[in-house]
Amino acid sequence: MANDAAPVPIRVLVLSASLRADSLNTRLAALLARLVENTGAVADAARLADFPMPLYDGDVETAEGIPPGARALCERLEACDAFVISSPEYNASVPGVLKNAVDWVSRVRPQPFKDKQALLASASPSMVGGNRGLWALRVPLEHLGTRVYPDMFSLAKAHETLQDGQLSDSGLQDRLGETVASFLSLVEADTRYVCLQRRWYEFLGDRTDAPLTQRAQD
């Protein structure tokens, strides 16, 4: 008998990487969450402020273990098929609080970034739109095995363009919607219809007993 049950919707963590409640990136994250929902997927919206954690310190980890905020973020990542980050750019790079969160969460075993699909976005009053920060953010995520979607979205002059929960430029609004839809199509294919062999990702701290020639997932 054929199974006519509807597939479980794709679940996506949409994270604002800004601590400020009314930040441009929190607004962009809210828009991204709505666009995710518009595709039929489930958006789990969160702010980095929801996961307080101290600066990473190996001595603290040894004495006290992984802090509750980092474990909570790890659990949210593990519960999702993919994640979206809307991040500000600080001095042409990644905000320290976001890099700190990545460093803490990466200490959990098995670490949750590996093999996750990710979409990166940014919003900034500048003409660059925070794009330099996203390129810097790709480095640790890809090092940890995340499959970062090639088409990142950076919103320049966001204080003017991001109004009333959407983009005033209809062309940009359409492009963002198409980017989210294309990203989630890839996530769905990767989650439900895997037919190609995935390459193994190495990162410091990875442990496996499999011989090097067998490091593949079907």
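A residue is called buried when its relative accessible area is under 20%, exposed when it is over 50%, and partly exposed in between, with a 1.4 Å probe and protein chains only. By this scale Asn91 is exposed, because its relative accessible area is 80%. The structure is a predicted model, in which local features need pLDDT of at least 70 and side-chain atom pairs count only at pLDDT 80 or more, while totals for chains, interfaces and linings use all residues. Residues are numbered from 1 along each chain as its sequence is written, and side-chain values use heavy atoms, with hydrogens and water left out.

Asn91 belongs to the loop between β3 and α4; here and below, helices (H or I, at least four residues) and strands (E, at least two) are DSSP runs numbered from the N terminus. The phi angle of Asn91 is near 50°, a positive value in a residue other than glycine. Ala92 lies in the loop between β3 and α4, and its phi, near 65°, is likewise positive in a residue other than glycine. With a relative accessible area of 35%, Ala92 is partly exposed.

The loop between α4 and β4 (117-123) contains Pro110. The peptide bond that joins Arg109 and Pro110 is cis, with omega of about -5°.

The account now turns to aromatic rings. A pair of aromatic rings is described by the distance of the centres and the angle of the planes. Rings of Phe, Tyr and Trp (its six-membered ring) pair if their centres lie within 6.5 Å; planes under 30 degrees apart count as stacked, over 60 as edge-to-face and the rest as tilted. The structure holds three aromatic pairs. One of them is formed by Tyr56 and Trp104, an edge-to-face pair with 4.7 Å from centre to centre and 70° between the planes. This pair links distant parts of the chain, 48 residues apart: Tyr56 is in the loop between β2 (42-47) and α2 (58-64), and Trp104 is in helix α4 (residues 96-105). Tyr56 counts as partly exposed, because its relative accessibility is 32%, whereas Trp104 is buried, with a relative accessible area of 0%.

Another of the pairs joins Tyr149 and Phe183, whose ring centres are 5.5 Å apart and whose planes stand at 70°, so the pair is edge-to-face. Tyr149 and Phe183 are both buried.

Asp57 is also in the loop between β2 and α2 and is partly exposed, at a relative accessible area of 32%. Asp57 and Trp104 are 47 residues apart along the chain, and their C-alpha atoms are separated by 9.0 Å.

Two helices may be followed in detail. The expected span of a helix is 1.5 Å times one less than its number of residues. Helix α7 has 23 residues and reaches 33 Å from its first C-alpha to its last, close to the 33 Å expected. Its buried residues include Leu176, Val180, Phe183 and Val187. At the start of α7, a side-chain oxygen of Asp169 reaches to within 2.8 Å of the backbone nitrogen of Gly171.

Helix α1 (residues 24-38) has 15 residues and should span 21 Å; its end C-alpha atoms are 21 Å apart, which agrees. Among its buried residues are Leu24, Leu28, Leu32 and Val36. Ser23, in the loop between β1 and α1, is buried, with a relative accessible area of 3%. A polar atom of the Ser23 side chain lies 3.0 Å from the backbone nitrogen of Thr26. Just after α1, Gly40 takes a positive phi of about 100°.

On a 1 Å grid over the protein atoms alone, a cavity is a set of points where a 1.4 Å probe fits but cannot get out, and lining residues have an atom within 4 Å of a point. The structure holds one cavity of 30 Å³ or more, and the largest cavity has a volume of about 70 Å³, a volume being the space filled by probe spheres set on the points. Its lining includes Leu13, Leu48, Phe83, Ile85 and Phe113. At least two lining residues come from each of β1 (11-16), α3 (68-78), β3 (82-86) and α4, and α4 gives the most, with three residues. The lining comprises eleven nonpolar residues, no polar and no charged; Ala, Val, Leu, Ile, Met, Phe, Trp, Tyr, Cys and Pro count as nonpolar, Asp, Glu, Lys and Arg as charged, and the others, Gly among them, as polar.

Key: A polar contact is a pair of N or O atoms within 3.5 Å; within protein, one must be able to donate a hydrogen and the other to accept it, and residues adjacent in sequence count only if both atoms are side-chain atoms. On a 1 Å grid over the protein atoms alone, a cavity is a set of points where a 1.4 Å probe fits but cannot get out, and a pocket is an open set with protein on both sides within 12 Å along at least five of seven lines; lining residues have an atom within 4 Å of a point.
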